[in-house]
Amino acid sequence: MSEIQQFDLIVIGGGPAGYPCAIRAAQLGMQALCIDAWVNRDGSPSFGGTCLNAGCIPSKALLESSELYHRAQHEFEVHGISAGKIGLDLAKMQARKQAVSKANSGGVKLLFSANKVTGLHGHGRLLGDGKIGYKSLDGKDEKIFAAKHIVIATGSAPVELKKIAPFDGQHIVDSWGALDFTAVPERLGVIGAGVIGVELGSVWSRLGADTVLLEALTEFLPMVDRQVTKEALRQFTKQGLDIRLGAKVVAARTGKKGVEVEYEQGGSKQSESFDKLIVAVGRRPYTDALGCEAAGVALDPRGFVKVDSDYLTNVPGIYAIGDVVATGPMLAHKGIEEGVVLAERLAGEKSKVDYRAVPSVIYTSPEIAWVGLSEEQAVAAGHEVKTGSSPFAANGRARAMEATAGLIKFISDAKTDRVLGVHMIGPYVSELAAEAVLAMGYGATTADIQLTMHAHPTLSETFHEASLAVDGHAIHSVNKKKKPA
Ligand code: FAD
Ligand code: NAD
């Protein structure tokens, strides 16, 4: 083994938490190394982690393609367009998805090179004493590196229901497997109607799969405001997604033809057969073979790396960010912010992540997005709440787009007028969420937003209208009188 190479900062994991941390550290003058073990199914190593290779980006590529396919079939006619018979070339759609992912992960390589970050494909292991063991992906090259700051950004992996529905890569698959189907399943089952369940369920349902989502909870998307989820359930059901709430899967058996799934609902046992079954019941922090125990890095009972508000673990000099820590939701942009903020704090700056204004988006059609508290959460947290909502049906642009389903709802503090949350469902609300992030980031009151001007005709007018509705003076939608909660 050659001599130990010294860096200022080593990041283990090159996903959306890890690679921005290495880049920002290098921008601030540190010598940074990022080690990443991701290997794609075709054997190619790739930076970008779950997000660029098997998560955010490929799922959004398929959501876009499948939505276009669906709209061409069902919406063109309304616009007076006849396009003949619409065909599906799934192989081409999948190839485009791969190309989109590859272009993004190739971008990370370019950014490393432009910012003078050393990027290595391979496995990193904590050796203690500020040292990292590195093994190349083919196992032929082994090195030891040392650094003043070591950052764990090893992300997360899908939860497997080992006893109930173990992955076989063929009939029972995780979200990565579900992104790579080579044929549209005739009947598709999904365990879990959470974020992945509804996004990937939508993709395959739009492409023609008869799709059933089995969700153990009796409440649909409990983290989102009830007014929004009520509308979401109505819209998704109208689109043909069969969402069964209170349906707890207890067994899945694979046979030649597919999977037989048993579930309990309302006290009785039911069963269904599917060609494919996606298990989307959450993700777990990933620290396998990382050497946490040897290095003395403490994990919490759920396996997350324990950190303080500076992302420092119990071991001096070792930090953790992204999906592998329990702070905040498992989202790419949360990881990016943590990576950047950590690098800046290590360089002596006073940056902080604002966890009150983390946007969440579900990329269905219509999209769902939220920032801050739902009405239910705000009431439970002891706020005296005032709310207002405005439907996209009252928005001229949405009408012109033939996209009037959905609404935006403001949840504000009745005493201070501060915006506590904005929850929405409708066209491009993923983009409108940025307006709520800015407002809440700057501590805006509802009146602050009411006094801003929004271009006409834009979808953002519904955001403005919803803020006006909080105090009963919406102009373009009917104000509903509501008592404060
Ligand atoms: P990861 O992206 O998981 O990256 C960790 C990296 O570390 C991986 O490359 C892994 O190989 C590597 N690694 C692990 N151990 C080692 C080791 N010992 N040595 C070297 N390398 C190692 N989030 C959103 O915000 N928006 C979305 O639209 C969205 N869509 C998603 C869709 C799907 C289907 C899935 C599964 C997830 C989605 N997410 C989305 C979540 C998002 O992908 C994660 O929150 C994000 O990738 C977490 O970033 P991370 O850097 O913490 O971890
Ligand atoms: P999730 O927590 O959103 O949903 C999992 C669902 O599975 C829950 O509703 C749970 O009640 C249900 N469930 C668990 N066991 C069950 C059983 N035996 N039978 C029936 N239902 C059962 O998790 P996910 O959908 O796997 O997504 C994981 C994470 O990935 C998300 O929390 C999110 O952080 C991230 N993600 C984000 C995006 C996005 O930002 N658009 C997209 C995909 C994934």
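Mentor: In this predicted model, strand S1 (residues 5-12) runs parallel to strand S5 (residues 142-152), and 7 bridges join the two. Strands here are DSSP runs (E, at least two residues) numbered from the N terminus, and two strands pair if DSSP finds at least two bridges between them. Within the pairing of S1 and S5, isoleucine 12 has isoleucine 152 of S5 as its bridge partner.

Strand S4 (residues 131-136) also pairs with S5, but these two run antiparallel and are joined by 5 bridges. Here glycine 133 stands opposite isoleucine 144 of S5. S4 and S5 form a hairpin, with 5 residues lying between the two strands. In the turn of that hairpin, glycine 139 has a positive phi of about 75 degrees.

A further partner of S5 is strand S16 (residues 318-320), which runs parallel to S5 and is joined to it by 3 bridges.

To draw the directions together: S5 has parallel pairings with S1 and S16, and an antiparallel one with S4. As a general point, side chains in a regular strand alternate between the two faces of the sheet.

Residues are numbered from 1 along each chain as written, and chains are lettered from A and ligands numbered from 1 in written order. Local features need pLDDT of at least 70, side-chain atom pairs 80 or more, while totals for chains, interfaces and linings use all residues; side-chain values use heavy atoms, without hydrogens and water.

Key
Helices (H or I, at least four residues) and strands (E, at least two) are DSSP runs, numbered from the N terminus.
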